[in-house]
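Work through the exercises below with the sequence and the 3D structure at hand. Each task is followed by a worked solution.

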Protein chains: 2
Amino acid sequence: MTHAAKNPVGRPREFDEDKVLAAAMEVFWLQGYDSTSMTDLLAATGLHKGSLYQAFGDKHNLFIQALERYVDEFRREMSVAVDQAESGLAGVRALMHKGIEKGCHGSDCNAGCLALNTLVDKGTADAEVVAVLTQAFVKRMALFAQAVARAQQEGSLRSDIAPEQMALMINVMSMGIVAILRGPMDEQQATVLVEDYLSTLKAT
Amino acid sequence: MTHAAKNPVGRPREFDEDKVLAAAMEVFWLQGYDSTSMTDLLAATGLHKGSLYQAFGDKHNLFIQALERYVDEFRREMSVAVDQAESGLAGVRALMHKGIEKGCHGSDCNAGCLALNTLVDKGTADAEVVAVLTQAFVKRMALFAQAVARAQQEGSLRSDIAPEQMALMINVMSMGIVAILRGPMDEQQATVLVEDYLSTLKAT
DNA sequence: CATATTTATGACCGAACGGTCAAGAAAGGA
DNA sequence: TCCTTTCTTGACCGTTCGGTCATAAATATG
């Protein structure tokens with residue numbers, strides 16, 4: 001029975017919840033969960049301690065919300081990219097490029113992917129994180145599988161591997177690329193790698 | 001001028017340095033650097049605070065040594081695996097399997113790879129970590145490239161991609177697999193994925 | 001205006017952190 | 001035996017951590 005009240009009683013918020021969440025997400029993204037202190041978050045959001053806790057709960061809660069925001073935004077971007085593609089193959093390529101682009105976020109261009117960073121960092125230890133990430137993974141897989149299936153129907157990708165399986169493979173390769181972007185590989189090399197990889201998937 | 005003295009002056013160590021390092025490595029592996037407290041390390045090693053600090057320096061120093069131990073051991077295992085292989089293709093397969101096996105270490109079978117975990121966690125922020133990991137990466141690449149080159153010469157892997165580039169690609173795929181082993185994928189699925197992937201690399 | 005309700009502010013808290021160090025114990029050398 | 005050196009033990013330290021809460025301020029309602 002919680003309908004959004006238009007004129008809520010009490011002192012109104014002085015901050016934009018989503019802007020705060022975006023700022024928190026950014027910090028978690030760049031620094032990781034453990035390395036991000038409440039002090040960092042307060043500085044980034046501009047809020048004071050009480051306000052942050054009252055609005056978002058504790059640090060872990062805030063992180064979960066920031067992570068959800070991230071995966072939603074990411075999926076939306078990927079969805080747009082694949083929808084704009086003029087072919088299945090172009091869609092697959094766009095998805096992989098979007099991942100690289102996302103991983104090359106920020107000034108140092110090696111922040112990586114918050115979802116992947118979190119997965120590798122926390123593994124299966126954190127149940128709430130697992131829930132968010134698995135759901136995100138399923139949706140992401142659907143995007144990949146759809147693009148792959150289309151490309152196979154168009155005859156541009158080989159058909160000797162089931163679309164779901166190929167989608168998984170491509171997804172995993174994407175994750176590998178994004179992971180290594182954190183270290184010894186740059187964006188350009190990653191792009192080359194994508195093309196090399198796609199060449200192994202093309203129909204003969 | 002530091003030749004190892006056979007009868008060093010002073011009270012002798014009561015612990016095996018390498019055993020302690022192995023224990024510390026294990027904890028860092030399972031929990032990650034930030035989530036591992038000195039208390040955890042003391043419990044795992046059985047040492048007391050002063051001894052640990054006196055023998056290994058501070059936490060970061062201990063971690064670097066543990067990481068070095070890890071990558072050395074890993075590389076040795078990979079080297080053995082590839083040397084035992086009866087063909088180039090078998091070597092490549094063995095390398096990928098070794099990575100999975102390593103990633104499925106421990107009871108929960110999802111500890112991942114300490115090197116990869118560290119790369120994703122720290123990125124380029126920690127200079128000493130970067131140094132260790134880049135050197136390890138180079139050596140690892142050499143192993144992969146050698147196996148790939150052999151397989152290409154034997155005609156079992158396609159030759160339209162330069163061995164170094166294909167080695168990089170395989171390496172990245174391996175990393176992706178190990179990364180996702182931390183989450184929604186199990187060892188068996190990973191093995192299937194390896195075969196699917198190798199099928200895309202085989203010479204036609 | 002009075003009251004109820006919500007938010008803003010920042011002082012404050014206990015716990016845990018990484019790290020230090022003084023005192024005692026165990027060895028070799030003189 | 002006594003001294004020097006190294007290692008062991010664990011008490012101790014200052015800092016930072018995540019988190020709480022009392023108070024003040026701002027709005028809607030009556």
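Two residues are in contact if their C-beta atoms, placed from the backbone, lie within 7 Å. The model is predicted: local features need pLDDT of at least 70 and side-chain atom pairs count only at pLDDT 80 or more, while totals for chains, interfaces and linings use all residues. Residues are numbered from 1 along each chain as its sequence is written, and chains are lettered from A and ligands numbered from 1 in the order in which they are written.

**Exercise 1.** Describe the side of chain B that touches chain A.

Solution. Step 1: count the residues; chain B and chain A bring 36 residues each to the contact. Step 2: assign helices, which are DSSP runs of H or I with at least four residues, numbered from the N terminus. On chain B, H6 (114-122), H7 (127-153), H8 (163-181) and H9 (187-201) each supply at least two residues. H8(B) gives the most, with 10 residues. Step 3: sort by class, where Ala, Val, Leu, Ile, Met, Phe, Trp, Tyr, Cys and Pro count as nonpolar, Asp, Glu, Lys and Arg as charged, and the others, Gly among them, as polar. This side of chain B has 18 nonpolar, 13 polar and 5 charged residues.

**Exercise 2.** Determine how H8(A) and H8(B) are oriented to each other.

Solution. Step 1: take the axes, which are lines fitted to C-alpha atoms over the stretch in contact, with angles from 0 to 180 degrees between N-to-C directions. The axes of H8(A) (residues 163-181) and H8(B) come within 7 Å and cross at roughly 100°. Step 2: classify the angle; under 35 degrees is roughly parallel, over 145 roughly antiparallel, 65 to 115 roughly perpendicular and the rest oblique. H8(A) and H8(B) are therefore roughly perpendicular. Step 3: list the contact residues; those of H8(A) include A:Val172, A:Met175 and A:Ala179, and those of H8(B) include B:Val172, B:Met175 and B:Ala179. The contact divides into 12 nonpolar, 2 polar and no charged residues.

**Exercise 3.** List what B:Ala179 touches, leaving out residues up to four places away in sequence.

Solution. On chain A the partners are A:Leu116, A:Leu119, A:Val120, A:Met175, A:Gly176 and A:Ala179; on chain B the partner is B:Leu116.

**Exercise 4.** Characterise the surface near DNA strand D.

Solution. Step 3: by class, the surface has 7 nonpolar, 11 polar and 8 charged residues.
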